[in-house]
Amino acid sequence: MSSFLQNFANLDTFVAVLPLLLQGLFITVGLALVALPLALLCGLLIALLFEVGSRPLTAGLFVLIDTFRSIPVLVLLMIIFYALPFLGVVVPAFGAVVAALVINNAGYYGEIFRAGLGSVPRHQHEAGLALGISRPRVLLFIIVPQAVRNVIAPLASNSLELAKATSIASLVTLPEMLRVAQVAQANVYNPTPLVGAALIYFIVLWPFSRLVARYERRTLRARY
Amino acid sequence: MGTISEVFFNADVAGRYWGQILDGLWVTVQVALLTVVLGIAGGLLLAVLKCTRNVLVDIVFAVFVDIFRTIPILVILFLIYFALPYGGVRLSPLVTTVLTLSLVLTAYSAETFWSAIEAIPRGQADAARALNIGGLATIAFIILPQAIRMSIPLLTNRAIAITKGTALGAAVALPELLGSAQSAMSIAANPTPLMMAAMLYVAFFIPLVLLSRWLERRSVRQRRA
């Protein structure tokens, strides 16, 4: 037991690598804070484009969304980071990860927002227009807020998945938390840094994970 | 610097490496199938065990589900592949990837199945008892069929998302689709293999994405009806 602890939860090692892990956490949080709003915005734009109601546009959006939903985010990242340079386009690791996360999640968010917009009754549009409010304002100030409230559960769930997916940055040598832990582990020849990183991920993300679980349970109950 | 088609869709490179890439696809398909089967079965088992209302089961359930829903898949993969050997447990890249993905899918599907079971009104279990139907039979023939039906549209999306995680296997040297394409790309010094892999991923996952879209639409329609 003591040798197990010495290996997997070595306190000296943990204290030594903690500052490095926290530096990595800083980049992890940065990735999430940059990618999350961008992906949400792209998703909302996609959903609003569906509202335009033009058939070829809708068909095109479906093809685009389903294609990007079928490609693992890591494959997107590899294409952006390792294939684009063959065309002379070199994207720095941070930008590549953000781009991959945004492209991957925009489609998911687009679907979620579309479902949300569809859940707002038609007469809300009509009432807004009858009051002389312009169509863009009706959408932005009357429809979208109600739509967001109706899809808060999948929005929260998808955002948590996006935050977790930042860890793929370690595979393009961006020194975020997982990468730092991996390098440290190879240096100290001891798995404590990896265990420590997992622990920090858990501490930071667990409240969100509980929140998502509660939202989901509420949705299922409303469904029955 | 050639044209885009010469660089990204080079027929010569594609001809040389398609065998290796198809081998990778086969590994991906195997990992994906194993993950889905093990993950769904594991989740169902945990959810049924939780029906016993045993305190110990409740604690194990909560800890297991929260750990595997919260920690990123890649972190779990690295823990199993790089950290476990220090404890004398060495697993192959294939076993590591399947184990990681099915543990995560087990956590998600257990939570979904359990939420669905809970959402079914207590009156159903009471009615079954009044009809003198045993506890196990009630769960197996009355509660579960309804819970599984409710869970399916939610779970297909999740299962697809986690199955796409097979690509993470490349990080532990599993020669699946992405991994084999990456090694071909570095030998050929040309990104065509990676583009081939992307196209094969689309070919493999698009039917599943369309299926989940259809299932979701059907469940929405049933709820409205």
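First, the ground rules. This is a predicted model, where local features need pLDDT of at least 70, side-chain atom pairs count only at pLDDT 80 or more, and totals for chains, interfaces and linings use all residues. Residues are numbered from 1 along each chain as its sequence is written, while chains are lettered from A and ligands numbered from 1 in the order in which they are written.

Chain A has 10 helices and zero strands. By helix I mean a DSSP run of H or I with at least four residues, and by strand a run of E with at least two, numbered from the N terminus. Chain B comes to nine helices, also with zero strands.

How much of each chain is buried? In chain A, 43% of the 224 residues count as buried; in chain B, 44% of the 225 do. Buried means that 20 or more other C-beta atoms lie within 10 Å of the residue's own, with C-beta atoms placed from the backbone.

Contacts next. Two residues are in contact if their C-beta atoms, placed from the backbone, lie within 7 Å. Among contacts with a separation of 6 or more, residues 24 or more positions apart account for 76% in chain A and 78% in chain B.

How many residues of chain A are in contact with chain B? The count is 43 residues of chain A, meeting 43 residues of chain B. On the chain A side, the elements giving two or more residues are α1 (2-8), α3 (55-70), α4 (73-83), α9 (177-188) and α10 (192-223). The largest share, 15 residues, comes from α10(A). By class, this side of chain A has 27 nonpolar, nine polar and seven charged residues. Here Ala, Val, Leu, Ile, Met, Phe, Trp, Tyr, Cys and Pro are nonpolar, Asp, Glu, Lys and Arg are charged, and the others, Gly among them, are polar.

Last, the helix pairs. Two packed helices are described by the angle between their axes and the distance between the axes. In chain B, α2 (residues 11-50) packs against α5 (residues 93-119) at about 40 degrees, with axes 6 Å apart. Axes are lines fitted to C-alpha atoms, for helices over the stretch in contact, and angles run from 0 to 180 degrees between N-to-C directions. That angle makes α2(B) oblique to α5(B). Oblique is what remains once angles under 35 degrees (roughly parallel), over 145 (roughly antiparallel) and 65 to 115 (roughly perpendicular) are taken out. The contact between α2(B) and α5(B) has 15 nonpolar, eight polar and one charged residues.

α2(B) also packs against α7 (residues 135-163) of chain B, at about 140 degrees and with axes 11 Å apart. Again, that makes α2(B) oblique to α7(B). Residues from α2(B) in this contact include A32(B) and G39(B), and those from α7(B) include I139(B) and T163(B).

Terms used:
Buried ≥ 20, exposed ≤ 12 C-beta atoms within 10 Å, placed from the backbone.
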